[in-house]
Amino acid sequence: MVTGVLADVSACKLAADQNVFLSAGFGYKFDCAPSVGSLSAFMIFVDFSDQSATESSPTELRDFFLPSAADWYYTSSYGALNLSVTADTSRFYRMPATAASYNWQRGLTAEQQEVYIQDALAAYNAPIPPVDVLYIVPTANARLISFSPTFLGNVTTRDGTHVAGKAVTFGYDGYGTWGYLVLNHETGHTMCLPDYYPFNSTDTGLFIGGWDLMGLISGPSPDYIAWDKWRLGWLADDQIDCVSVAGVTSHTLTPLETAGGKKAVVVRHNATDALVAEVRSSGGLNSASCATGVLLYTVSTETNPGDGPVRVLDATPRSGGCADDELNDATLTVGGVNSYTVTAWGVEVTVVAKDGEDYTIQVTRQ
């Protein structure tokens, strides 16, 4: 249900800033991995002379990630994306250099990562059918390969043979901290999603709490935000209401976690910034959520990853939050705080009613 005057939804499709790496807008001009249909990947497993495999078979590591990560995408995309992974579990391929020699630390350059990737391909030394993404998975004993960056350049062997459009080089953080969802976070980058956590702070949830795994992978509500589902093609234009002129409008939203229905209201501020309202429940991928209701956040297409291109607005500041983050109870609700005003933008969002898990909100734009 909608009352009031709405703009054509195209007015709220903020254009990507092509000078911003992985800009959070529409139409980012980069060779992004497919987000609709089939995303093909090939997975190989490696170990090192100084940190050799302790698993009985690479199958243990494949099963750590799959099929859980693929199922996650199928659910999050409402069936729009099929992550199709072929894994060679025949053995671990021994890397030509020690784990220590790769100097795997934050600040790792693309050139260093490419050397690692090409070493893995040389160790594999067998044809790989061209795929969208190459996954290189080390033994869990390789603690010196400590984190899991994504390589967004074209992946080739040293003789120039094309292998994949992108690569993910997994590290110990998946086994020790993030679980299989590290695959979904890093594969999100191959589809051109930016990081939403701060690069220069130890407070991972500073900008968005645990409301999206592109911010905090282990957050209680890790499903992708509605804005990104729209950009990825998982939400249709008719599932988004666009507000771009002054007035009062009313909108009924269904939870992000369920297929069908209206999923978000986007209030355009200007050519680069917007406010988004969506409903979060404790269903589906967000079953661990410690708070539900209407989630509000801003999007900036000119803000770099790590600087907060998406920022959750806290309707309950200084509450202490839940699940170890102040922002995890940021939602508007019927029984609690039911209204939030973005004073600088002249926008107020108020919860009017709740019917089951659906919420009706009123948006006032000056």
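Visitor: Which residues does Glu 186 touch, not counting residues up to four places away in sequence?

Guide: Contact means heavy atoms within 4.5 Å. By that test Glu 186 touches Ser 148, Pro 149, Thr 150 and Val 168. Before we go on, a word on the model: it is predicted, so local features need pLDDT of at least 70 and side-chain atom pairs count only at pLDDT 80 or more, while totals for chains, interfaces and linings use all residues. Residues are numbered from 1 along each chain as its sequence is written, and side-chain values use heavy atoms, with hydrogens and water left out.

Visitor: Is Glu 186 buried or exposed, and what is the nearest side chain of opposite charge?

Guide: Buried means under 20% relative accessible area, exposed means over 50%, and partly exposed is in between (1.4 Å probe, protein chains only). For charges, Lys and Arg count as positive, Asp and Glu as negative, and His and the chain ends are not counted. Glu 186 is buried yet has no salt bridge; Arg 106 is the nearest side chain of opposite charge, 6.7 Å away.

Visitor: What does Arg 106 lie over?

Guide: A charge sits over a ring if NZ of Lys or CZ of Arg is within 6 Å of the ring centre and within 35 degrees of the ring normal. Arg 106 lies over the face of Phe 147, 4.1 Å from the ring centre.

Visitor: How many salt bridges are there?

Guide: The general idea is that side chains of opposite charge can pair when their charged atoms come close. A salt bridge needs a side-chain nitrogen of Lys or Arg within 4 Å of a carboxyl oxygen of Asp or Glu. That rule gives 8 salt bridges. In one of them, the side chains of Lys 13 and Asp 237 meet at 3.1 Å, N to O. This pair links distant parts of the chain, 224 residues apart: Lys 13 is in the loop between β1 and β2, and Asp 237 is in the loop between α6 and β9 (240–243). Lys 13 is partly exposed at 30% relative accessible area, and Asp 237 is partly exposed at 32%.

Visitor: Where do Asp 228 and Arg 231 lie?

Guide: Both lie in helix α6, 3 residues apart, about one turn of the helix. Asp 228 is buried, with a relative accessible area of 0%, and Arg 231 is buried at 18%.

Visitor: How many aromatic pairs does the count come to?

Guide: A pair of aromatic rings is described by the distance of the centres and the angle of the planes. Rings of Phe, Tyr and Trp (its six-membered ring) pair if their centres lie within 6.5 Å; planes under 30 degrees apart count as stacked, over 60 as edge-to-face and the rest as tilted. The count comes to 24 aromatic pairs. Take Phe 65 and Phe 170: their centres are 4.8 Å apart with 40 degrees between the planes, a tilted pair. Phe 65 lies in helix α1 (residues 59–65) and Phe 170 in the loop between β8 (162–169) and α4 (172–178), so the pair ties together parts 105 residues apart in sequence. Phe 65 counts as buried at 1% relative accessibility, and Phe 170 is buried at 0%.

Visitor: Why is the pair of Trp 227 and Trp 230 edge-to-face?

Guide: Because their ring centres are 5.7 Å apart and their planes are at 80 degrees. Trp 227 and Trp 230 are 3 residues apart in helix α6 (residues 226–232), about one helical turn. Trp 227 and Trp 230 are buried.

Visitor: How many residues does helix α3 have?

Guide: The expected span of a helix is 1.5 Å times one less than its number of residues. Helix α3 (residues 110–124) has 15 residues and reaches 21 Å from its first C-alpha to its last, close to the 21 Å expected. Its buried residues include Tyr 116, Ile 117 and Leu 121. After α3 comes Asn 125, with a positive phi near 50 degrees.

How values were computed: Helices (H or I, at least four residues) and strands (E, at least two) are DSSP runs, numbered from the N terminus.
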